[in-house]
Amino acid sequence: MSEIDTLALLQRAKDSAEWAYAPYSNEPKGAALLCSDGSIYASGNVEFATFSGSVCAELAALTQAISEGKRQFKALAIFPYRYPCGTCRQFLSEFGLDVQVITACANGDIESKFLPELLPHSFDKSNIG
Ligand SMILES: [Zn+2]
């Protein structure tokens, strides 16, 4: 696996947070997804009045990448400090568990974990049927 530029990926996530639409939570968040081919998809979260239909930044970045044919991912950076919600962890696992999730603490320290640490005993195709 080639080296991941975590600072650059976190910066893309931070930039995307500026375009988030989060008038209800007032918590703009950005996510940047690094695909195995080196391409990056980034998005902010998108909320609307009925929270149930809101879209996490991670999910928005993932669906963008998938809609353009990407299926293999190396890393997902999130800004500000946060790990993905359960739905986004499960969605990401659909495309493999070898994904590094990166986030930055308020003091600038960077944390990262691989998806199996965040989603042990993930539900996959083998659980169906
Ligand atoms: Zn989520």
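This is a predicted model: local features need pLDDT of at least 70, side-chain atom pairs count only at pLDDT 80 or more; totals for chains, interfaces and linings use all residues.
The chain has four helices and five strands, which follow one another from the N terminus as α-β-β-α-β-α-β-β-α. The radius of gyration is 14 Å, close to the 14 Å that the globule rule gives for 129 residues, so the chain is as compact as a globular protein of that length.

**Overall dimensions and packing**

- Taken along the principal axes, the C-alpha atoms fill a box of roughly 40 × 35 × 30 Å.
- Of the 129 residues in the chain, 33% count as buried.

**The nonpolar core**

- The largest nonpolar core has 31 residues, and those with the most contacts inside it are Ala13, Ala31, Leu33, Ala61, Leu76 and Ala77.
- At least two residues of this core come from each of α1, β1 (30-35), β2 (40-44), α2 (57-67), β3 (73-79), α3 (86-93) and β4 (100-104).
- Leu76, one of the core residues with the most contacts, touches Ala31, Leu33, Glu58, Leu92, Val99 and Val101 once neighbours within four places in sequence are left aside.

**A closer look at Ser16**

- Ser16 belongs to helix α1, which spans residues 6-17.
- Ser16 counts as buried because it has 25 C-beta neighbours inside 10 Å, and the cut-off for that label is 20 or more.
- Beyond its neighbours within four places in sequence, Ser16 is in contact with Gly30, Ala31, Ala32, Ala42, Ser43, Gly44 and Ala57.
- Gly129 lies 113 residues from Ser16 along the chain, and their C-alpha atoms are separated by 39 Å.

**Backbone features to check**

- Most residues other than glycine have a negative phi, and most peptide bonds are trans.
- Asn26 is not a glycine, yet its phi is positive, at about 55°.
- With 7 other C-beta atoms within 10 Å, Asn26 is exposed.
- His121 likewise has a positive phi, near 55°, in a residue other than glycine.
- His121 is found in the segment after α4 (115-118) and counts as exposed, with 7 C-beta neighbours inside 10 Å.
- The peptide bond from Phe79 to Pro80 is cis, with omega near 0°.
- Pro80 itself is placed in the loop between β3 and α3.

Methods: Residues are numbered from 1 along each chain as its sequence is written. A residue is buried if 20 or more other C-beta atoms lie within 10 Å of its own, exposed if 12 or fewer, and partly exposed in between; C-beta atoms are placed from the backbone. Two residues are in contact if their C-beta atoms, placed from the backbone, lie within 7 Å. A nonpolar core is a set of buried Ala, Val, Leu, Ile, Met, Phe, Trp, Tyr and Cys residues joined through C-beta atoms within 7 Å. The radius of gyration is taken over C-alpha atoms; the globule rule is 2.2 Å times the number of residues to the power 0.38.
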